[in-house]
Amino acid sequence: MSAIQDQIQVHLPDGSVKEFAAGVTPFEVASSISPRLAAASVVARIQPVDAAATETEQKETSDDAAMYAAEDTSAPRLVDMATPLSTSVKLQLLTEKDADALKVVRHSAAHVLATAVLELFPETKLGHGPATDSGFFYDFYRPTPFTPEDLEKIEKKMGEIVLRDEKFTREYEPREKGLTRFKADNDFMKIHFIERFTKDGDEISLYRNGAFVDFCRGPHVPSTGRVKAFKITNLAGAYWLGDEKNPQLQRVYGTAFFSKKEMDEHFARLEEAARRDHRALGKQLDLFSIQELAGPGLIFWHPKGAMIRKIMEDWMRDECIRRGYDLVYTPHTMRVNLWQTSGHEGFYSANFFTKMELDDADYRLKPMNCPGHILIYKNSPKSYRELPVRYAELGNVYRYERSGTMHGLLRVRGFTQDDAHIFCRRDQVESEIAACIDFAQSVLETFGFKEFKVELSAWDPKDRQSYAGSDADWELAIGSLERVLTAKGIPFKTIPGEAAFYGPKIDMKLVDAIGRLWQLSTVQFDFNLPARFELEYVGEDGERHQPVMVHRALFGSVERFFGVLIEHYAGAFPLWLAPIQIGLVPISERHLPYAEKVKAELEKAGFRVELDARNEKMNAKIRDLTMQKVPYVLVMGDKEAEANAVSVRARGKGDQGSQPLADFIASATKLAAEKSLEL
């Protein structure tokens, strides 16, 4: 009987089940399958056998709790390859190809960094060193600032530690013993983490590599030798616990990869991202600005940017009308009573601007458009025959963002949301959600995005106070979104705890030209606001019923979408979107009359044209228009004037030779009408 109790079952992803003695490690399991697999495995994911399978995305976090609090052994979790398995589990072996393995190697690189710092500067006190989306950092307390030369020494020492190939081993010791040791060394930050995340009588988790020991729950790669490619990237200041009254720490940032090739590709992507930065391009192309005198997070649209905005908004309004929406407009500010009724005053108050005290009541700048649309719906009685009612608005909204969080067009205080709200019967919900997803896909495809990923943000039933509505409401809402996505064959990941307080949502994240994800289009289910505002319609049975709502924003915001467009195209907008579609360059002053005639014909055909009539050399004019990323530059001299032709230079393709003006207009008109991405 005892022999049976000493055996455990390991369930593998291919469905096979292997039996091992209790205490077997993931490395030993991998070795029993293939020595090559054992050598390639970096970390393991385990899950209790009786736990329900889940498609939920594991939320990565740099919170202290993720590094120090006790693991939830009932949930899927990552463990070291040397972790003894005492009970039957589902086991997945992660290699260098897995994204989660990369985060583990980056956390291990942070420990290598801390090891190097202590070997070079033993007086330093340690904070913590989490992995991040782009690398890792470690916080240090040292009265003497690190210099650039120090960082070079640290990086060199890290290389030595990697070559030493020290094993990462997990150890445990009584909490009191650990506290005594850290107190003796005056490691005040480690003392804080132990006291905060453990309690009397606990054992604490430590990780050792060589002589270095750190309070940490891991996991880590098998040894420092697996940190094959790394680089220190920069140094910044950070106050201990984010409080400026506390000691100032030195935060050393770095990144790590499994190979130098991957790291080189990473830095090449960073260079490309910098080349595409919408803030720099916005200034270079004279598209928009943020004025210090007016305040941060408030966008001034310059003529060229405003032209692109007009094209975007005109397209969106036309599509809304074509798809059965009615256009509405609502005020920028409304009484606080409205936001109390909607629930935003309670659930969303931190994102409001300060109240305005007027003579009749307190007012708030609106952070969203939905309550205004609800009031329009409620203004007249509705029959079931009228549903669904679809209201759309490109409405300006205002949300308070702290000064350090704003970022160009991507995170602002005032923006224009392409908002729509659909009031419908419960039996219409899924068809309306499906139509919203179709609309969202059309937006992405029209503006040149070929790939997107989908997340379904659900509620967290354990955090009941953060959500309105009944359990049945949430089951209906989440189920509706899931069924639509499944029926359309769209893969998605469910993210618990990310829903709005009034309902779950579908987020469609587009992938740009260099592979970055951007959160823009959102479709949300809402059963809460119709109840709060006591919305009604008269049903076929003559009785009063409550509609449900679908919120959707497809650009997300005009500002953010525009910022993403700038970076996606690196400022070289396709012909139909370009603020100046065609630049005209007369070779000399005597060719100006012909250039003006060409300009008139192009404008008559509907093109946006800029004629450079300056008394400058032809090449200088061509260069200036090229720097402005104008799709076509047409050059005109004696030959072109005589033949009623133009010499065409296409962006990215160079000189295309001479063409009859009529032929050029015909081909360019076709490209613009098709919203082609090519010239």
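Helices (H or I, at least four residues) and strands (E, at least two) are DSSP runs, numbered from the N terminus. The model shown in these views is predicted.

**View A. A cis peptide bond sits between Gly218 and Pro219.** Omega for this bond is about 0°. Pro219 lies in a loop.

**View B. Leu387 and Pro388 are joined by a cis peptide bond.** Here omega is near 0°. Pro388 belongs to the loop between helix H14 (370-378) and strand E19. Strand E19 spans 389-398. It returns in View G, where E19 supplies at least two residues of a cavity lining.

**View C. Asp286 has a positive phi.** The angle is about 60°. Asp286 is not a glycine. Its place is the loop between helix H10 (278-284) and strand E13 (288-290).

The next views turn to helix packing. Two packed helices are described by the angle between their axes and the distance between the axes.

**View D. Helix H11 packs against helix H15.** H11 covers residues 303-322, and H15 covers residues 429-446. Their axes come within 12 Å. They cross at roughly 150°. Angles over 145 degrees count as roughly antiparallel, so H11 is roughly antiparallel to H15. The crossing is right-handed. From H11, the contact uses Trp315, Met316, Glu319 and Cys320. From H15 come Phe439, Ser442, Val443 and Thr446. By class, this contact of H11 with H15 has five nonpolar residues, two polar and one charged.

**View E. Helix H11 also meets helix H18.** H18 runs over residues 558-569. The axes of H11 and H18 come within 11 Å and cross at roughly 110°. Angles from 65 to 115 degrees count as roughly perpendicular, so H11 and H18 are roughly perpendicular to each other. This crossing is right-handed. On the H11 side, look for Gly305, Ile308, Arg309, Met312 and Glu313. They meet Val558, Glu559, Phe561, Phe562 and Leu565 in H18. The contact of H11 with H18 has six nonpolar, one polar and three charged residues.

**View F. Helices H19 and H22 pack at an angle of about 30°.** H19 holds residues 592-604, and H22 holds residues 661-673. The axes are 11 Å apart. Angles under 35 degrees count as roughly parallel, so H19 and H22 are roughly parallel to each other. Their crossing is right-handed. Val598, Glu601 and Leu602 of H19 make the contact with Leu661, Phe664 and Ile665 of H22. By class, five of these residues are nonpolar, none is polar and one is charged.

The remaining views show cavities. The count comes to two cavities of 30 Å³ or more.

**View G. The second largest cavity has a volume of about 40 Å³.** Which residues line the second largest cavity? They are Met316, Arg317, Cys320, Leu327, Ala392, Glu393, Leu394, Asp418, Asp419 and Arg552. H11, strand E19 (389-398) and strand E20 (414-424) each supply at least two residues of this lining. Met316 and Cys320 line this cavity, and Met316 and Cys320 also take part in the contact of H11 with H15.

**View H. The largest cavity has a volume of about 90 Å³.** A total of 13 residues line this cavity. Which of them are the closest to its centre? Pro579, Ile580, Gln628, Lys629 and Val630 are. The lining has eight nonpolar, two polar and three charged residues.

Terms used: Residues are numbered from 1 along each chain as its sequence is written. This is a predicted model: local features need pLDDT of at least 70, side-chain atom pairs count only at pLDDT 80 or more; totals for chains, interfaces and linings use all residues. Side-chain values use heavy atoms; hydrogens and water are left out. Axes are lines fitted to C-alpha atoms, for helices over the stretch in contact, and angles run from 0 to 180 degrees between N-to-C directions. A crossing is left-handed if the near helix is turned anticlockwise from the far one by less than a right angle, and right-handed if clockwise. Contact means heavy atoms within 4.5 Å. Ala, Val, Leu, Ile, Met, Phe, Trp, Tyr, Cys and Pro count as nonpolar, Asp, Glu, Lys and Arg as charged, and the others, Gly among them, as polar. On a 1 Å grid over the protein atoms alone, a cavity is a set of points where a 1.4 Å probe fits but cannot get out, and a pocket is an open set with protein on both sides within 12 Å along at least five of seven lines; lining residues have an atom within 4 Å of a point. Grid points are joined across faces, edges and corners, and a volume is the space filled by probe spheres set on the points.
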